[in-house]
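Hi,

Here's the structure I said I'd pass on.

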Amino acid sequence: MNFLPFTKYSLTGSPVECPICGNVKRTQISKYDRRFKILPHSKCDECALVRHEFMLSDEQLSQYYSANYRTDYQWVNSGPTSRHIQKRVSEAKLRLNNLHPHLKKNPKILDFGCGSGEFVELAQNRGAMASGFEPGKSYSKYARDQKGLDVQNCGWENYEREEKVDVVTAFHVFEHLIDPLKAFHKSVSWLNVGGIIYIEVPNMANGLKRKGFGSLHMAHTIGFGRYSLELLGAYCDMKILEVFNGYNIGIIFKKGVPRPLDKIKKDSIDEFKNLNLKQINKQFWIYSASKLFGKRSVD
Ligand SMILES: [Zn+2]
């Protein structure tokens, strides 16, 4: 991996239409990512979804994940570290508590992109029939071999199941995809009647407001706000059951008539209002200076 700033990544993609609303018009919001590598990002003019200006193809993305992702972001390529596991366990507890009021007794839960399986394990320990799938080899192997969990090693495109589930969860997965709409549709197809989907992603609107382009990176092909995540569900005829909005944005969706698309798009445009190239550059330096002088905000 080439870490030199002001240079391009070895993989570069091509311009694409908005992966949610299909609009081609976009506005550039940054030329760089948090490492000062050249990685232009743009915002959809219609729904404000943030995306890589030059999107990798499926093939390039799998190449990136098999060769660079874990070493780029976690400095390991041989399975999860104990620090990683500890963090995931506490996140799993919070997420399961959020989900709890919406669960029936002994629910069937499928965790999309389950990593090393901490959520699957916790849900199972609390009486759910939980399973998952994970494209990363070392993490899925750990979940299966070390934990004995029902976890398959594959991506969502190749995951097939006959038996329906009551809940699909996907934590910090959808911001890595290039076709979130297709992945969401497929998740809906795994649900029982009355089933729910719980998605959590980093809140890009908050990230940009706080850190500027420090919140942009190679692994996150798309960036959601509260409303662009609602819009994703709305395109799949899912409406909001509950929202958890903060540093991350989590939404529990259920089948039903969503709010009108135009209204959601308008709210999304408002959410990203003033987040232009100039403001995002400026915010990066303000955030960097505050870190330099020891005034750390909540991270
Ligand atoms: Zn759009």
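The buried residues of helix H4 pack against helix H3 (82-99), strand S4 (108-112), strand S5 (129-133), helix H5 (137-146) and strand S7 (165-171); contact here means heavy atoms within 4.5 Å. Helices (H or I, at least four residues) and strands (E, at least two) are DSSP runs, numbered from the N terminus. H4 itself covers residues 118-125, with Glu-118, Phe-119, Val-120, Leu-122 and Ala-123 buried, where buried is under 20% relative accessible area (1.4 Å probe, protein chains only). After H4 comes Gly-127, with a positive phi near 100°.

Bear in mind that this is a predicted model: local features need pLDDT of at least 70, side-chain atom pairs count only at pLDDT 80 or more, and totals for chains, interfaces and linings use all residues. Numbering runs from 1 along each chain as its sequence is written, and side-chain values use heavy atoms, with hydrogens and water left out.

Now the metal. Cys-18, Cys-21, Cys-44 and Cys-47 coordinate the zinc ion through their SG atoms at 2.3 to 2.4 Å; donors are N, O and S atoms within 2.8 Å of the metal (3.2 Å for Na, K and Ca). The angles between the 4 donor atoms are 99 to 118°, which makes the arrangement tetrahedral (all angles between 85 and 135 degrees for four donors). Cys-21 sits in the segment before strand S1 (26-32) and Cys-47 in the loop between strand S2 (38-44) and strand S3 (50-52), so this pair ties together parts 26 residues apart in sequence. Both Cys-21 and Cys-47 are buried.

Cheers

Terms used: Tetrahedral: all angles 85-135°; square planar, octahedral: opposite > 155°, others 65-115°. Buried < 20%, exposed > 50% of the residue type's maximum accessible area, 1.4 Å probe, protein only.
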